Amino acid sequence: MRIGLVCPYRWDVPGGVQYHVRDLAGTLRGMGHHVEVLTPAQHEESVTDPHLTFAGRTVPVPYNGSMASAQFGPVSAARVRRWLREGRFDVVHVHEPSSPSVSLLVCMIARGPIVATFHTATTRSKVLAVLGPMVRPWMERIAGRIAVSDFARRVQVEHLGGDAVIIPNGVHVGFFAAGPTLAGRPRGDGPPTIGFVGRFDEPRKGLPVLLQAMRSVVRAHPDARLLIAGRGDADQLWSMVGDDLRPHVTLLGEVSEADKAALLRSVDVYCAPNLLGESFGVILIEAMAAGAPVVASDLDAFVRVLDDGAAGVVVRRDDPVALGRALSDLLADPGRRADLAARGSRVAARYDWQVIARRILAVYETVLPPGGGVVTAGPEHDFPGVPPTGTAAGRPRIRRPRR
Amino acid sequence: MIPEAWPWLAAGVLLLLVIWLGWTLVRLRRLAARVDRAWATLDAQLQRRAGLAEELARQHPAALGSGARARLAAGAAGARAARDAGDRELAENALGHELRELPPDLPGVPAALRTDLAGTQTRVALARRFYNDAVRDTRELRGRRSCRWAGLHRRRPLPRYFDIDDRLGDLGAGVDVAGRRAS
């Protein structure tokens with residue numbers, strides 16, 4: 001199958017959607033499909049892969065609390081049109097098309113089966129509430145909608161008036177399951193270790209709660225260690241840790257994907273003490289794939305990923321006492337750790353890219369017209385040369401946001 | 001206002017109205033085509049499912065047991081008959097129920113047929129979701145006051161939702177089941 005993927009965010013900036021598109025493209029190519037990616041980038045030089053097409057630079061605009069890449073105008077439209085004509089795709093798969101990006105542009109121009117994946121999981125969004133009705137006429141062209149999580153689907157239902165099939169994010173399970181461990185720290189050999197990955201200076205990631213819990217863990221397991229990987233201000237972290245915990249904490253700083261996998265393979269327990277705001281929890285799946293038993297706070301997304309608590313220990317959020325007890329108990333019970341690790345691997349296997357990509361392929365096959373046919377670009381004059389400013393049909397429904 | 005301006009103003013309003021009418025008609029036509037395509041896919045997958053169920057009942061009676069075999073055959077026949085007349089949703093539901101009741105391993109049934117059946121059930125679920133999506137978009141646009149007043153596509157029947165229990169939750173690895181509970 002010839003598949004065209006469209007990534008709306010800059011390829012050379014790290015981000016979940018970019019990784020998703022990259023991994024999906026790689027997996028589908030491994031299955032023998034022809035995959036091309038159209039994406040904007042900060043620097044044209046960083047788009048080197050022959051299967052990548054540079055869609056132009058983008059104008060950052062605030063969207064949903066982060067910066068989205070707005071991209072419009074005749075030059076971008078011409079690039080999209082050329083990409084569609086030269087690609088001769090059976091299906092075009094756009095990501096996050098509801099923001100004014102190259103994805104929306106593709107929806108406007110392409111003629112043929114379009115599949116869209118929605119990643120946004122903000123439940124209340126003024127921008128989406130305003131933009132939703134405006135982009136509706138082009139959203140109507142999408143034949144199959146996918147949401148990566150139940151939250152993303154809810155955004156669809158509430159703001160864009162559609163429904164979506166839920167196909168979660170994928171993880172390269174094999175990459176995490178087998179490989180080296182951190183130097184000198186094979187799992188189960190030596191002092192018990194707990195792992196934490198994430199921006200440690202963001203309170204919502206919950207590291208302060210974990211540090212608080214760590215004090216009680218250290219009382220039960222005097223040689224317990226906490227490994228922290230991620231970005232953040234180290235000085236601030238050490239002042240948060242305090243002198244009593246300092247010998248028990250190791251800060252690895254920002255690590256590569258390979259080192260993160262090695263860390264997850266080394267730790268005896270992985271802890272996700274997040275307080276709020278996770279829509280999915282890829283890191284939990286990565287930890288389970290690496291065979292680490294997981295202790296996580298009771299966020300909806302986490303509970304769901306952990307199979308309603310069957311594949312990991314779920315603790316009330318922001319409760320250091322309960323977290324400390326759960327960690328101590330788990331460190332003291334190798335049998336339960338092995339049991340959780342085994343369940344975790346089975347859960348992680350469901351999120352392997354091989355499995356996820358097959359499900360996405362099933363979506364492609366469902367939207368293909370029975371007789372076949374390729375996606376083409378619409379006629380030149382059809383494209384509105386300016387950003388969409390609402391349509392007459394949508395007017396009555398547009399509610400202006402009150403300041 | 002100077003009197004000469006009125007015709008121009010009227011012409012401008014008229015022009016906008018015509019543009020809007022044309023644009024809405026384009027949207028309606030596109031949606032109608034999408035509904036047709038989605039229905040064709042759903043219909044094809046449902047027929048395929050009935051065909052596979054028939055094949056299973058006919059060629060592998062040993063794997064099913066006589067009671068299940070008869071019910072499955074009846075379900076498949078019912079689904080086929082309902083394609084032309086009768087309550088298709090009801091018939092497809094009955095067949096879907098029989099298929100879900102089958103033992104998971106099905107001894108003696110070739111793996112190809114089992115995979116085919118599982119794949120078809122997944123595709124029925126997907127096709128139904130996408131069809132209902134297209135129907136929802138169409139009904140939304142046609143239900144608008146402006147659209148009704150202009151009488152666009154008035155003579156066409158409104159597309160109907162197709163509701164059967166296909167357990168799309170199984171497809172979502174438990175994610176979707178939770179979603180329905182939460183929303």
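This is a predicted model: local features need pLDDT of at least 70, side-chain atom pairs count only at pLDDT 80 or more; totals for chains, interfaces and linings use all residues.
Visitor: How many residues are in the largest nonpolar core, and which have the most contacts inside it?
Guide: The largest nonpolar core holds 150 residues, and those with the most contacts inside it are A:Val106, A:Cys107, A:Val269, A:Leu284, A:Val294, A:Val295 and A:Leu327. Such a core is a set of buried Ala, Val, Leu, Ile, Met, Phe, Trp, Tyr and Cys residues joined through C-beta atoms within 7 Å, where buried means that 20 or more other C-beta atoms lie within 10 Å of a residue's own, with C-beta atoms placed from the backbone. Residues are numbered from 1 along each chain as its sequence is written, and chains are lettered from A in the order in which they are written.

Visitor: Where does that core lie relative to the domains of chain A?
Guide: It lies between domain 1 (2–170 + 353–397) and domain 2 (174–350) of chain A, because both give residues to it; the bounds come from an automatic or database domain assignment.

Visitor: What does A:Cys107 touch?
Guide: Leaving out residues up to four places away in sequence, A:Cys107 touches A:Val94, A:Pro97, A:Ile114, A:Trp138, A:Met139, A:Arg141 and A:Ile142, a contact being two C-beta atoms, placed from the backbone, within 7 Å.

Visitor: Switching to chain B, what is its average pLDDT?
Guide: Chain B averages 81, with 90% of the residues scoring at least 70, although pLDDT stays under 50 over residues 170–183 of chain B.

Visitor: And what ipTM does the complex get?
Guide: The predictor gives an ipTM of 0.82, alongside a pTM of 0.81.

Conventions
A residue is buried if 20 or more other C-beta atoms lie within 10 Å of its own, exposed if 12 or fewer, and partly exposed in between; C-beta atoms are placed from the backbone. pLDDT is the predictor's confidence in each residue, from 0 to 100.
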